[in-house]
Amino acid sequence: MATPTGWQRDGNLPAELTSFIGRTRLLANLKRHLGESRLVTVTGIGGVGKSRTVLRLAHLVRSQYPDGVWFADLGRLQDAGMVKHTIASALGIADQSSRAESESLSEWVGERDMLLIIDTCEHLVHGCADLIHELLEAAPNLKVLATSRQSLNLPYEHVVPVPPLQVPFEDPGESLFTNESVQLFAERAGASVPDFVLDEDNIGAVAELCRRLDGIPLAIELAAVRLRALSVEQILGLLADRFSLLAGASRTALPRHQTLRAAIGWSHELCEPAERLLWARLSVFAKDFELDAARFVCSDGRLPSEDITDLVTGLVEKSILLIRSNHAGVRYKLIDTLAEYGEEWLDKLGQKEQMQQRHLEYYLSLAQRSEDAWSGPRQIYWFVRMRQEHDNVRVALDHALKSPGKSVLALTLLSSLWFMWICCGFVREGRLYLEKALQANPIASKERCKALWVLSYVRSAQGDSAGALKAAEQCSTEAVRVGDSRAVILASKMQGTAALLQGDLQKASALLGVAIEFNTDNKELNPGLLPAIVELSLVLSSQGEFYEAESLLLDCLQVCRERGELWVSSYAQWALAFTRLATGRAEEALQSAREGLRIKRHFHDTLGTLLALETCARIFVLHGELALAAKLLGALQQNWRSAGLPQMGAPFLTDDHNVCVRECVRRMGEQAYKNALEEGARLDLDEASELALGGEPDASE
């Protein structure tokens with residue numbers, strides 16, 4: 001074996017032809033793993049920047065390898081039998097003997113302290129894995145850094161996935177100008193069109209373009225090239241067919257990287273037929289999904305349910321599916337670009353309608369299960385779960401509303417998720433969907449009756465007492481007509497809620513009393529029994545019957561503790577604070593209000609948080625903590641605007657709020673009050689809650 005003339009000890013690492021943008025944390029992570037492991041495989045979808053990231057890393061660490069950093073590109077290689085020869089050639093090895101090529105490689109590497117980069121292994125994964133195993137066993141000082149769309153499945157391999165770049169709007173506190181995706185677009189746009197400048201006029205369009213392209217570097221670079229003929233706004237407008245638009249970026253790039261479609265198609269070809277079919281079917285999901293959902297929606301005779309787990313694992317290993325694990329479990333995601341590609345295949349297969357129907361069936365079943373379990377000990381689980389499923393619920397609803405004969409399923413899905421609209425922060429959206437679904441189902445039915453009382457509940461939460469009363473009365477009328485006794489009772493409860501908000505205490509007391517009486521023996525705590533008890537306690541407090549109100553609330557809290565119900569207990573604590581404050585027990589009132597706020601941190605209950613903060617502000621005035629009260633009033637003034645009518649338009653709440661404001665102004669002076677109010681207006685609800693609980697948030701963050 002001979003070493004050719006001109007061989008360089010420091011390796012053959014290619015120069016970096018373009019600037020490298022972002023990825024600081026990823027590079028640090030890769031550098032650490034390379035220090036700890038002899039084999040690191042960098043995985044990711046086509047066009048995500050695996051090769052470019054590895055090249056940047058290699059330039060950063062090249063001084064650590066006395067015998068050089070060596071780069072072997074297998075991208076153009078089609079014959080698995082040529083892997084060893086291609087790597088040997090990249091290393092500059094000339095061997096005319098008849099020995100096996102791996103023996104020559106192992107002997108040449110020997111004791112050398114070097115880093116070998118093998119780029120683009122996915123189409124030759126078995127041959128690459130065998131050779132790497134041989135080399136690492138024979139050469140104790142060798143390290144290997146590989147790029148592949150799937151792992152090599154070697155036991156000592158450390159796999160590091162390369163995600164897409166962070167897209168604009170993911171981090172609310174991030175400036176669009178410093179976003180990685182935007183910076184990459186600006187850099188490549190400047191190279192393509194020298195007079196391009198990122199400024200206030202185009203930043204919004206550029207940010208939206210990068211978001212729509214999922215932060216995939218290849219897609220962003222292809223879009224930047226299009227600036228030679230199109231404006232950013234025109235590219236955005238044409239992005240509906242992103243695969244045909246983003247073509248022809250580079251004549252020197254590999255064919256699979258010359259268009260976005262080719263890059264994705266290369267990944268598609270690497271998949272087994274069953275994996276390709278599952279990829280197409282998974283495109284029916286919005287954003288992310290759980291494994292159980294994939295098993296139900298995507299399985300049939302061709303894809304048995306018991307095979308789905310292994311197929312999902314295969315798609316994860318091939319970098320088609322992203323995987324996200326947290327305390328709530330494991331979820332999978334097809335980014336929009338891959339979902340769009342899969343959807344095209346689903347259309348070609350003629351299975352789109354079938355998959356959409358299965359998707360609707362799954363989320364309808366999930367909604368009904370979550371409603372049945374909502375008032376029990378797993379309430380927080382269902383809150384988190386259904387917020388995660390928000391986008392899939394939307395897709396299911398839209399399909400039901402647009403499909404002939406399925407609009408009644410939209411009513412069922414919507415009304416089963418009453419707690420999602422009320423408790424999970426989607427009140428406005430719930431109202432829009434409910435009104436649309438009711439309009440599509442004008443004939444009286446039990447499904448329509450349930451949707452009407454849910455609509456009444458949603459409108460009440462927005463402070464629209466007149467609209468709430470109208471929906472509740474309509475529910476009552478139609479429920480009598482179709483013989484739905486449960487809807488009659490719930491309509492009475494919702495009419496009582498509307499009467500309370502309108503200040504008609506006598507009517508509210510009668511209607512809420514009826515709802516409580518007929519729900520007492522019912523196992524369902526929500527939304528008829530427990531919320532009615534809390535609301536009746538407010539009526540009693542407003543009528544000066546404080547002992548009766550407190551007794552009701554203590555009983556309510558006991559039931560909540562026994563059943564594991566947290567959401568209503570947070571309202572009961574707030575109502576208890578309201579009652580105790582009225583009887584001169586300010587310290588006890590503050591404890592109750594704060595306990596309600598602590599519970600609400602488990603939910604996204606904007607309305608309930610605002611109500612608790614209103615009571616806290618009143619208590620702080622009594623304690624003489626005027627600046628603190630004024631800051632909370634500022635936060636309330638700002639945050640009520642996004643929640644609905646301030647103080648829900650309820651006279652008993654509005655009067656208390658106005659007294660609180662007047663007392664602050666009188667005792668602080670107008671200027672000091674204004675300053676504190678403006679400081680509080682910069683606080684979001686979490687920061688305001690922290691302030692009320694005794695902390696001091698940094699409003700500048």
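Tutor: Let us begin with a single side chain: Lys406 has a relative accessibility of 13% and so counts as buried, since the cut-off for that word is under 20%. Please keep in mind throughout that this is a predicted model.

Student: Which side chain does Lys406 meet in a salt bridge?

Tutor: The general idea is that side chains of opposite charge can pair when their charged atoms come close. Here the side chain of Lys406 meets that of Glu353, with 2.8 Å from N to O. Lys406 sits in the loop between α18 (390–402) and α19 (407–416), while Glu353 belongs to helix α16 (residues 352–373), so the pair ties together parts that are 53 residues apart in sequence. Glu353, at 43% relative accessibility, counts as partly exposed.

Student: How many salt bridges does a search of the whole structure find?

Tutor: The search finds 36 salt bridges. One of them joins the side chains of Glu16 and Arg56 at 2.7 Å, N to O. Because Glu16 lies in the segment before α1 (24–36) and Arg56 in helix α2 (residues 50–61), this pair ties together parts that are 40 residues apart in sequence. Glu16 itself is partly exposed, with a relative accessible area of 25%.

Another salt bridge brings together the side chains of Glu690 and Arg601, at 2.5 Å from N to O. This pair links distant parts of the chain, 89 residues apart, with Glu690 in helix α34 (residues 685–692) and Arg601 in the loop between α29 (586–600) and α30 (606–622). Glu690 is partly exposed at 31% relative accessibility, and Arg601 is partly exposed at 47%.

Student: Which residues are linked in a network of salt bridges?

Tutor: The network links Asp288, Glu290, Arg324, Arg331, Arg385 and Glu389.

Student: Turning to the sheet, what is the order of its strands?

Tutor: In general, strands of a sheet pair through backbone hydrogen bonds, either parallel or antiparallel. In this model an open sheet of 5 strands runs in the order β2-β3-β4-β1-β5, with parallel pairing. Its edge strands are β2 (69–73) and β5 (158–161), each of which pairs on one side only, and the twist from one strand to the next averages 20°.

As a worked case, strand β1 (residues 39–43) pairs with strand β4 (residues 142–148) in the parallel sense over 5 bridges, and Val42 has Thr147 in β4 as its bridge partner. Helix α1 packs on the sheet, touching β1, β3 (114–119), β4 and β5, and its direction makes about 175° with that of β5. Helix α2 lies across β1, β2, β3 and β4, running at about 155° to β4.

Student: Is the strand β2 largely enclosed or exposed?

Tutor: Of the 5 residues of β2, 4 are buried, so β2 is largely enclosed by the rest of the structure. β2 pairs with β3 in the parallel sense over 5 bridges, and Ala72 stands opposite Ile118 in β3.

Student: Lastly, how many disulfides does the structure hold?

Tutor: A disulfide is a covalent bond between the sulfur atoms of two cysteines. The structure holds 0 disulfides. For the sulfur of Cys271, the closest cysteine sulfur is in Cys298, 14 Å away, which is too far for a bond. Cys271 is buried, with a relative accessible area of 3%, and Cys298 is buried, with a value of 0%.

Technical notes: Residues are numbered from 1 along each chain as its sequence is written. This is a predicted model: local features need pLDDT of at least 70, side-chain atom pairs count only at pLDDT 80 or more; totals for chains, interfaces and linings use all residues. Side-chain values use heavy atoms; hydrogens and water are left out. A salt bridge is a side-chain nitrogen of Lys or Arg within 4 Å of a carboxyl oxygen of Asp or Glu. Helices (H or I, at least four residues) and strands (E, at least two) are DSSP runs, numbered from the N terminus. Buried means under 20% relative accessible area, exposed over 50%, partly exposed in between (1.4 Å probe, protein chains only). Two strands pair if DSSP finds at least two bridges between them. Axes are lines fitted to C-alpha atoms, for helices over the stretch in contact, and angles run from 0 to 180 degrees between N-to-C directions. Contact means heavy atoms within 4.5 Å. A disulfide is a pair of cysteine sulfur atoms within 2.5 Å.
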